[in-house]
Amino acid sequence: MRMRAMNSAFALFSAVLFGASASPASASDHAASPGDDDDCSTSYASIDQDFPTGAFDACETSGNRRFTLTMAPEDDGDINCSAWYAFRVTPQRRTRITIDLEYETCGHRYWPKTSTDGVNWTVMPRNRVEIDGERGERTARIVLRVRDEPVFVAAQEILPPSVYDAWLDGHEDRPFVTRSLLGHSAENRDIEMMRIAQPGGAQRETIVLAGRQHPPEVTGAFAMFAFVDTIMGDSDLAAAYRARFETLVVPLINPDGVVHGHWRHNTGGVDLNRDWGPFTQPETALMGGLLDAVETDPARDLRVLIDFHSTNRDVFYTIPDDLPTDPALFTRDWLARYQERMPDYEVNRDARHAVGRPISKAYAFDRYGAPGITFEIGDETDRALIQRIGREAATAMMATMLETPVIAEAAE
Ligand SMILES: [Zn+2]
């Protein structure tokens, strides 16, 4: 299966990955430690991880054409098994090499994808990948035919900060877009925000969209791009929505984790989506501050928070309908409308709530009474379907919000 780049944001991609870009983004993309790849070279090919998102823990060779890469999580803490890997194979000659992917913990999860330009990705064919073992013991063996150019092999398409940067660049000239710097990550990378609202409007209601707290969750990012592009679209619905609502988008909350190829955490060893409330990390503190700034502004009110992620299937984690939210029953109405727009697709909803759980959706509800939603996309969901999911979910969201009662002017 060939996967075309999904938007123009990918244009910078290849140059950045190959280290030839003049983009200012390439500096922030650069991984802090180059990694020790000295042992990962034979007279046939070498393997390295010296690019943003590049990650493996150890490499061994045997003969000229066999490599074993061992993957390990970023720290010794409790970790979700999102066993990310990304590496580059640079051939010295046309040949076929075998690469074993082994894991210190968790086992193999993501089906490998390859790219020579960083823009177009190919899911590796079934007959080139052999999965062995069960669950935490799973390993993968891949057979790669290499020719004259380097090949990236990764758990998912590589989406470093430069892609977000290019995506923001591509939109910031629109009259209804304001790009700003929300703050910095622990390693001082930019955490950027985009505000979408018709200029001159008196938007009192705020929708917050968040993304990439968890570095490997690239499919959630694809859905978010399509979702936001739809809000910025030319439809009458989108124009009416932008006239009434402001949308604040923070697409990349964990840039450090992304650049370092982390499985889950930021550089503080924390799962950021278990830190909403305590806000002990610079990245989450920015989000807490943002929500508070909206809520304490008498002219604005937080209406909905949607946080984009990936897991093993497409599913919405939501607040249950029997807990009153404001706007009332937004999630039920939104997902019903979305399901109507996706007749050949089953919308999955998992509604539950534990008070005080430090995740974004629970925090939005506990603290502000707003419906919080975790928008999860499957790891291997068809990429064209993800585009449709993002578009239709955004269309349904805008239509549903426009039907909610306009909130009254705050009393003086
Ligand atoms: Zn996640």
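Let me start with D165, which is buried because 22 other C-beta atoms lie within 10 Å; here a residue counts as buried if 20 or more other C-beta atoms lie within 10 Å of its own, as exposed if 12 or fewer do, and as partly exposed in between, with the C-beta atoms placed from the backbone. This is a predicted model, in which local features need pLDDT of at least 70 and side-chain atom pairs count only at pLDDT 80 or more, while totals for chains, interfaces and linings use all residues. Residues are numbered from 1 along each chain as its sequence is written.

D165 has its place in helix α3, residues 161–171, where helices (H or I, at least four residues) and strands (E, at least two) are DSSP runs numbered from the N terminus. Although D165 and L252 are 87 residues apart along the chain, their C-alpha atoms are separated by 9.8 Å.

Next, the core. In the largest nonpolar core, which has 100 residues, L69, Y85, A86 and A223 touch the most other members; such a core is a set of buried Ala, Val, Leu, Ile, Met, Phe, Trp, Tyr and Cys residues joined through C-beta atoms within 7 Å. Helix α4, residues 218–231, gives the most to this core, with 10 residues. The core also draws at least three residues from each of domain 1 (2–154) and domain 2 (172–403), bounds that come from an automatic or database domain assignment.

If we leave aside neighbours within four places in sequence, A86 is in contact with several residues, among them Q49, F152, I158 and G261, contact being defined as C-beta atoms, placed from the backbone, that lie within 7 Å.

Strand β5, residues 86–91, also holds R88, and R88 is buried because 21 other C-beta atoms lie within 10 Å. With the neighbours within four places again set aside, the contacts of R88 are I47, D48, F51, G54, P150 and F152. R88 and A154, 66 residues apart in sequence, are 8.6 Å apart in space, C-alpha to C-alpha.

For a contrast, consider A202, in the loop between β13 (190–196) and β14 (205–211), which is exposed because 10 other C-beta atoms lie within 10 Å. Even so, A202 and R244, 42 residues apart in sequence, are 7.4 Å apart in space from C-alpha to C-alpha.

Finally, in helix α9, residues 360–368, the residues S360, K361, A362, Y363, A364 and F365 are buried. The buried residues of α9 pack against β14, β16 (301–311), β17 (315–318) and β19 (372–378), and just after α9 comes G369, with a positive phi of about 70 degrees.

Technical notes: Two residues are in contact if their C-beta atoms, placed from the backbone, lie within 7 Å.
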